[in-house]
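User: I am new to this structure and would like a close look at one part of the picture, its salt bridges. Please walk me through them carefully.

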Amino acid sequence: MPQAALAPPRPAVSALLAEWGRSPDDPRLEVDARDEMLGFLRELHGGDEEQALAAYYRSGAAIAAVYLQVLRWRFGKASAVPSLLDFASGYGRVTRFLLDAVPARALTAADVLPGAVAFQRRTFGVQAAASATRPEELELPGPFAAILVTSLFTHLPDARFRSWLAALLARLAPGGVLAFSTHDLALLPPEQRTARGLVFQPHSEIADLAVEDYGSTWVDESFVRDALAATGRRVAARRFTRALLNHQDLWLVVDEVDGADAFAGLQLQSEPEVVVEECELASGSLALAGWAHARQGTVARVEASLDGVRLGAAVVDQPRADVAAVLGPGAERSGWGLRLALPPSFSPVDSVLLLRAVDRAGHAHPVWVGRPLVLALQSRALQAREARAALHVARRELAEHRAWAAHEIEGLRATVAAMRASRFWKLRDAWFTVKRALRLTDES
């Protein structure tokens with residue numbers, strides 16, 4: 001028997017679904033209570049079921065939107081893909097949104113969790129197959145025209161990373177495309193990185209899988225390219241930095257074409273990253289400010305809607321040298337801010353605020369939805385973290401300055417001691433002793 005699905009969506013989730021023109025009664029929106037990704041998001045949002053479910057849907061839709069762009073690039077339209085493998089697909093966080101464009105008959109979902117396989121088969125009507133913890137035990141024959149792998153290679157140790165990459169490439173049809181995500185090694189502090197290009201830590205959000213097989217992994221580009229070369233298949237690969245949820249890198253792999261750019265014509269638009277640094281409620285108005293940046297593609301403006309009514313928009317064009325220092329020159333004018341007049345019916349607790357980022361092609365990307373009070377609290381928490389970080393930096397700089405000063409003082413003391421020990425200084429002291437005896441000086 002399948003586990004009971006979650007309770008009906010709350011207002012914030014309903015607002016998100018309305019943004020997409022979906023009904024909460026859509027059977028493809030059912031979420032299995034065993035889905036550990038939802039549990040992870042619930043924990044991340046401090047137990048807030050509404051925020052967790054909104055993040056679950058929004059993240060799944062954002063990932064699927066990038067994949068559907070890849071399918072349209074490769075096959076002309078996403079519905080034309082003859083066979084698609086959604087590998088390590090879990091309980092269908094992404095799968096349900098791929099089905100907006102890909103026929104269910106063309107899609108095979110595979111996962112190592114039997115409950116996830118049964119849920120996807122029953123709920124989405126796709127072909128669902130059991131995966132394996134070891135690639136040599138995988139019974140999926142293939143080939144598949146497209147293989148999508150979200151958040152598997154972000155969890156594999158070195159040998160398993162390489163063997164799974166080879167196993168999946170072996171099931172890719174000629175002319176097909178393999179897409180998979182990784183965590184960039186540069187996300188780790190420098191002292192935690194390794195020269196071999198991979199760091200594996202034995203912990204993850206999936207409690208049902210052994211940590212020696214499924215932990216947390218970070219890799220650099222050289223490691224991935226070496227792993228691809230070791231498969232023996234002549235391929236072209238391209239890495240799109242932080243293209244999935246502004247956190248995971250997206251790798252696309254296709255057959256190598258002699259003398260041609262294998263990725264010509266592919267222009268990805270990822271979900272823009274929008275950070276709200278200020279959220280102030282006062283005197284019948286709501287003031288919002290922050291920064292927005294698209295790591296792949298563009299972002300033109302940030303729009304705000306309240307209870308389904310558009311209140312206003314802000315062009316993303318204010319100078320933010322601090323953001324550019326971290327994200328690069330493309331983020332030099334990433335700042336935005338707007339002040340919204342609130343209707344009489346506004347409630348910071350009951351109203352629902354939705355923020356969307358609009359790219360230069362006019363496509364809207366919902367980036368936050370929830371109660372205004374929650375956003376205000378989140379911005380306060382962000383300000384507190386930034387203040388703590390600034391204080392930490394100031395303390396570190398003060399400590400470094402004190403250490404430098406102490407070093408300088410010790411150096412001066414050593415110099416003075418050396419001078420006092422010198423023959424010249426001893427003669428000087430003797431001369432001053434004579435002068436004081438003869439009362440020729442008042443120096444002591």
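Analyst: What follows looks at the salt bridges, pair by pair.

This is a predicted model, in which local features need pLDDT of at least 70 and side-chain atom pairs count only at pLDDT 80 or more, while totals for chains, interfaces and linings use all residues. Residues are numbered from 1 along each chain as its sequence is written, and side-chain values use heavy atoms, with hydrogens and water left out.

Side chains of opposite charge can pair when their charged atoms come close. A salt bridge here is a side-chain nitrogen of Lys or Arg within 4 Å of a carboxyl oxygen of Asp or Glu, and the count by this rule is 24.

One of them joins R371 to E50, with the closest N and O atoms 3.0 Å apart. This pair links distant parts of the chain, since R371 sits in the loop between β16 (364-370) and α9 (372-421) and E50 in helix α3 (residues 49-75), 321 residues apart; helices (H or I, at least four residues) and strands (E, at least two) are DSSP runs, numbered from the N terminus. Both R371 and E50 are buried, where buried means under 20% relative accessible area, exposed over 50%, and partly exposed in between (1.4 Å probe, protein chains only).

E221 and R225 also form a salt bridge, at 3.0 Å between the closest N and O atoms, and both lie in helix α7 (residues 221-230), 4 residues apart, about one turn of the helix. E221 counts as partly exposed at 30% relative accessibility, and R225 is partly exposed at 34%.

Finally, E19, R301, E303, R310 and R356 are linked in a network of salt bridges.
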